[in-house]
Number of protein chains: 4
Amino acid sequence: MINVGIVGATGYAGEELISILLKHPQVIIKSLSAKISQPKKISDIFTRFKGRIDLICDKPNTKNISANCDLVFLALPHTASMDFVPDLLKAGKRIIDLSADYRLRDISIYEKFYNIKHKDKTNLKYAIYGLPEIYRNKIRDARLIANPGCYPTAAILALAPLVSLDSSFDLDSIIIDAKSGLTGAGRKPTEEILFAEANEDLRAYKVNVHQHMPEINQELSKLADRKVQVNFVPHIVPLNRGILATVYIKRIKGIKDFKQSLVSLYKRFYKNEPFVRIRPESEFPRLKDVVGTNFCDIGIREDGYNVIIISVIDNLLKGASGQAVQNMNIMYRLPERMGLL
Amino acid sequence: MINVGIVGATGYAGEELISILLKHPQVIIKSLSAKISQPKKISDIFTRFKGRIDLICDKPNTKNISANCDLVFLALPHTASMDFVPDLLKAGKRIIDLSADYRLRDISIYEKFYNIKHKDKTNLKYAIYGLPEIYRNKIRDARLIANPGCYPTAAILALAPLVSLDSSFDLDSIIIDAKSGLTGAGRKPTEEILFAEANEDLRAYKVNVHQHMPEINQELSKLADRKVQVNFVPHIVPLNRGILATVYIKRIKGIKDFKQSLVSLYKRFYKNEPFVRIRPESEFPRLKDVVGTNFCDIGIREDGYNVIIISVIDNLLKGASGQAVQNMNIMYRLPERMGLL
Amino acid sequence: MINVGIVGATGYAGEELISILLKHPQVIIKSLSAKISQPKKISDIFTRFKGRIDLICDKPNTKNISANCDLVFLALPHTASMDFVPDLLKAGKRIIDLSADYRLRDISIYEKFYNIKHKDKTNLKYAIYGLPEIYRNKIRDARLIANPGCYPTAAILALAPLVSLDSSFDLDSIIIDAKSGLTGAGRKPTEEILFAEANEDLRAYKVNVHQHMPEINQELSKLADRKVQVNFVPHIVPLNRGILATVYIKRIKGIKDFKQSLVSLYKRFYKNEPFVRIRPESEFPRLKDVVGTNFCDIGIREDGYNVIIISVIDNLLKGASGQAVQNMNIMYRLPERMGLL
Amino acid sequence: MINVGIVGATGYAGEELISILLKHPQVIIKSLSAKISQPKKISDIFTRFKGRIDLICDKPNTKNISANCDLVFLALPHTASMDFVPDLLKAGKRIIDLSADYRLRDISIYEKFYNIKHKDKTNLKYAIYGLPEIYRNKIRDARLIANPGCYPTAAILALAPLVSLDSSFDLDSIIIDAKSGLTGAGRKPTEEILFAEANEDLRAYKVNVHQHMPEINQELSKLADRKVQVNFVPHIVPLNRGILATVYIKRIKGIKDFKQSLVSLYKRFYKNEPFVRIRPESEFPRLKDVVGTNFCDIGIREDGYNVIIISVIDNLLKGASGQAVQNMNIMYRLPERMGLL
């Protein structure tokens, strides 16, 4: 049995981790903590857990966490994880960090997009980007996982096979038009995410300046082995859970011999993946195909030089806590779907 | 033309007042103010008003408001109106107060339910409860209107004819099970009214202790000419606008001669009302019949000793700003539907 | 392992059964059928099941079902189950029927409320009402379970302890004001359950004439050992899953010694129940406490002679398919929470 | 006063027309008709109109309509309008057709995308495409208006200034990623637009094959004076009203002198338009800015060679019935905003 702790247990990702791990046959939740004014039973914070878990959620204390846990999930806001990682690593704990703090290789980009100094350059270099479909082997023995962002998960999985294996595309033409539900905005109350504001509304935000864009660029560049710079426009849609990313990319004009079907390329690329499902040509997944699951479903349409790819994930599962548990399963040599299906 | 000011222009009731008054042929909006950190164009606060109104919204200044306006709408949170009413009345202005500050005759009840000292007992006695269907004559010449709460409007209109004119009912048996959309909770951000919390959820709150209950009791008691004490359970429903109140009341056991139909009683009672519509027996209105309008629609079913009455209103219109404009129309001898239909 | 069949696999209850049973460690789904124009992979009907189950869904054929299954779930519309029960029972199969066909003891009431002749009076008398909290012992060895309706489950669990054990209440005063999400209306397309109709709307329907009312009356009467007749007003609320029932009941006037707390009575009554949770006095559950689970959560407030009880369930789980699986677990001596937590 | 008739009064566009025209000071609704099994008061079909309009809605009868109306709105499904236009024109009536029947110049394209033979080629050539911002002068004296589709209105207004006046763009690079609420799907019940299906879901549909695509292509081609072929991906979003179109277009590589700001170009182009509002650079409208109004709001961001344009409309107003009334106002030399603001 793995003894785990969750720091940041009161956010949406933390709540979702509790929910998953309560059903995971190889896990015991030993510690729950969060920025909280006073200690409180987690079942009084989330009444849905009444009768299922009675742990006290308290302010995080690295020593206590280290004493009780083998693995720590950091479900913290961006910039808060750096305060915990160094001590936990020193104590020999394995960490899955759901924040953005250890995702970007280039500190200057991190500091620009998150508007804060990075405080832990030392450990940054040990962090493994926790996207199993790309980094499974490195994840196995990682001490520190930088669990991918929700938008990057949807975007990278939609593009990885094409970007790494098909040279007929103009990688400067990538457009990612993403639509996300409101849990993606977190639980901190602000006016624009009030029900009466977001309901019956629709809006784009951080158009081409969203902090997940450099994360997408970094990973696609690695896969393509050249610099890739996408256009990325996220939208807020009035629903609770899920991301649908509509991706547009063009073939290089003049190239004629692209007769391999992308669908078959994608099917091969993801052949052994437990959580990626590829649809037949011109069939597209709907969000509900994946909400409540750890799946990423992908549909593709080729229209001559224009290609449209749609990927869907549950932002709290494959886009956050589900993927974190998938990473844990890999790290502990458990069946990858354990607790997730 | 009536020169009006709105204090509290940035809340839902204030926004709705602007929206109505922009189309009202006899009104000029002269002043917009609110608790705000710095002056700002109202069309920058509510971008929907771009190109339609360019007034600056600033902190409220009683002198300026008095200098420019004949009538002032106070669309403030409960307990804030008392700070403005005395000076505005002294300056000879007419006031329509959408808060609860001048609704309850009994100060001790006000102080108990709103948990604050009342600061303006002097003017309380001049306030007229702004429910036109009951107090139209007094509204005409009032200086200070206490505009009714949203739940009380729905509840009182559902019960007024019966309570005042039919003695066959057990007035101790009244149950009001009310369902409200989220604009009723206001615009101040708190966790429980976030989209991702309220969406796909349903909850009762302040069960039998809601601050609108004494307002309902006060008015029904007046109409019945005896003490009436209702059971009142409000619920939050995931939609933006509207209240549906399901009212249960019983006939006194033993009484046999109740053969007058309530539907005809209600139709007579509301015969000349421009904003009340009564349905045939056992036909009930849906919320959408009134959303976006100032109507209150009512359906009734008599089952022997049990009677069920359902009333629906738009909480921001008949339940707040629409009713306020209806009151203004009455005060200024304008056609009562002007600007409202 | 239990070999099960689902007849009516394409409705919401059928889909939910598949979803639960796919994760149930002691079940193999052997047969899926429905009123369908031609055979189709279930994963083509519900694309969310792609890669998880590949069974063909075909028109139901009693012989094939009998040959392959030990237990059959009938997730059919009311009045359709009667066509399958006799043959399946004859073939020695155990049946859990989610329709209303075998719930009402009094055929004349069934025929009145469902407006059809009952075709299988013979087997009606063997049917056990599948509410484990009341009939667990009989369920164990039943051949035919009449799985309770969603509203009745919420209503009966909210009232059972009080009605059976506390004689200080006026059982003629019961009012059940219930609010349900749209999956309760089924998947057959009609105008009033279209998104653009039901969204931002709220309505009562079948006020005091809903077909679930006699089911509630029947079971409460049994528990009270006298005739109980409730007032029952169901409402449609714009959300997908869940029922919240607000129940009002009065103490008999004059009775003084009701100092036993209902909360403690309820806690005792449901002490060993795996799926009922009682809140402290005047604390009420929200719908989200139970959505996605098989729990029924109950909150109680006593106000002198007036008592308010609120119960919440997921209509597709404790209100249908979850309860059906709970019944199956009981019938097969499995842990009652297996596959449900 | 203009005497108008509405054919197709029971759909969303028809209902919206009634709602607008009831408040229009220069219009009398004389005739309401629809495909309906038997005559029925419109206020019994749409109970929200009770006490406001009592006309009978019957099957359409061209003779009666002609006898009573000057102007006829055809709010019919595509392919149904052709049955009414010839006779109504012959009778000298002016027609605003909200269907697609007279929008496409090229009959072969119409027949391909709508999968039906066109039955009225004669009148097709007299039809004016009713987009006032482009065709105002022709609309003035038109006998037959082909009122634009909802997606085309949003898309064309987002691109018109750029496509007609700025030659630095690659017109082969246009991508239109559109998001629409559910009223866009009409009122005919099908499973996929049921509340419980569409709520909490998100899906693309008719990817690059939607019937509004040729309409967009036709109009942009005219404006550009060359063939334009867009990529068009519509999505269904769980809300009632509104379209948000995110448009992507690229500058031609190598062109350097594009220093005129698009925002100022757009402001000039739409300077005198009563219903188009342009936002400052990189500021984007939200859907709620226009829901319930006839406005089209547009925001623009220039990122070097990449340009992102977002337009929002209410699909039932500027995207259908509001635009139809705007066209009527133009035809009758009324102030263009009359009845619409």
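This is a predicted model: local features need pLDDT of at least 70, side-chain atom pairs count only at pLDDT 80 or more; totals for chains, interfaces and linings use all residues.
Numbering starts from 1 along each chain as its sequence is written, with chains lettered from A and ligands numbered from 1 in the order written. Local features need pLDDT of at least 70, side-chain atom pairs count only at pLDDT 80 or more, totals for chains, interfaces and linings use all residues, and side-chain values use heavy atoms, leaving out hydrogens and water.

**View 1. Phe73(A) in the largest nonpolar core.** A nonpolar core here is a set of buried Ala, Val, Leu, Ile, Met, Phe, Trp, Tyr and Cys residues joined through side-chain atoms within 4.5 Å; buried means under 20% relative accessible area, exposed over 50%, and partly exposed in between (1.4 Å probe, protein chains only). The largest such core has 198 residues, and those touching the most other members are Phe73(A), Ile174(A), Ile176(A), Phe73(D), Ile174(D) and Ile176(D). Setting aside residues up to four places away in sequence, Phe73(A) touches a list that includes Val4(A), Ile6(A), Leu17(A), Ile96(A), Val325(A) and Met328(A) (contact: heavy atoms within 4.5 Å). There's also a second, separate core of 196 residues, with Phe284(B), Leu17(C), Leu131(C) and Val312(C) among its members.

**View 2. Where chain D meets chain A.** Each side puts in its share: 39 residues from chain D and 39 residues from chain A. Together they bury about 3,300 Å², 57% of it on carbon and sulfur atoms; buried area is the accessible area (1.4 Å probe) that two parts lose on being put together, summed over both. Keep an eye on Glu200(D), Leu202(D) and Arg286(D), which supply 19% of the area chain D buries here, more than any other three residues.

View 3. In one between Asp177(D) and Lys179(A), the N to O distance is 3.1 Å. Another pairs Arg286(A) with Glu197(D) at 3.3 Å, N to O. Arg286(A) sits in the loop between strand 13 and strand 14 (296–303) of chain A and Glu197(D) in helix 9 of chain D, so this pair joins two chains. (Helices, H or I of at least four residues, and strands, E of at least two, are DSSP runs numbered from the N terminus.) Both Arg286(A) and Glu197(D) are buried.

**View 4. Where chain D meets chain B.** In this view 15 residues of chain D are in contact with 15 residues of chain B. The area buried between them is about 1,400 Å², with carbon and sulfur atoms giving 44%. The salt-bridge count between chain D and chain B is zero.

View 5. Arg136(A) bridges to Glu273(A), with the closest N and O atoms 2.6 Å apart. Arg136(A) lies in helix 7 (residues 132–140) and Glu273(A) in the loop between helix 11 (262–269) and strand 13 (276–278), so the pair ties together parts 137 residues apart in sequence. Both Arg136(A) and Glu273(A) are buried. In chain D, the side chains of Arg136(D) and Glu273(D) meet in a salt bridge at 2.6 Å, N to O. Arg136(D) counts as buried at 18% relative accessibility, and Glu273(D) counts as buried at 12%.

Key:
A salt bridge is a side-chain nitrogen of Lys or Arg within 4 Å of a carboxyl oxygen of Asp or Glu.
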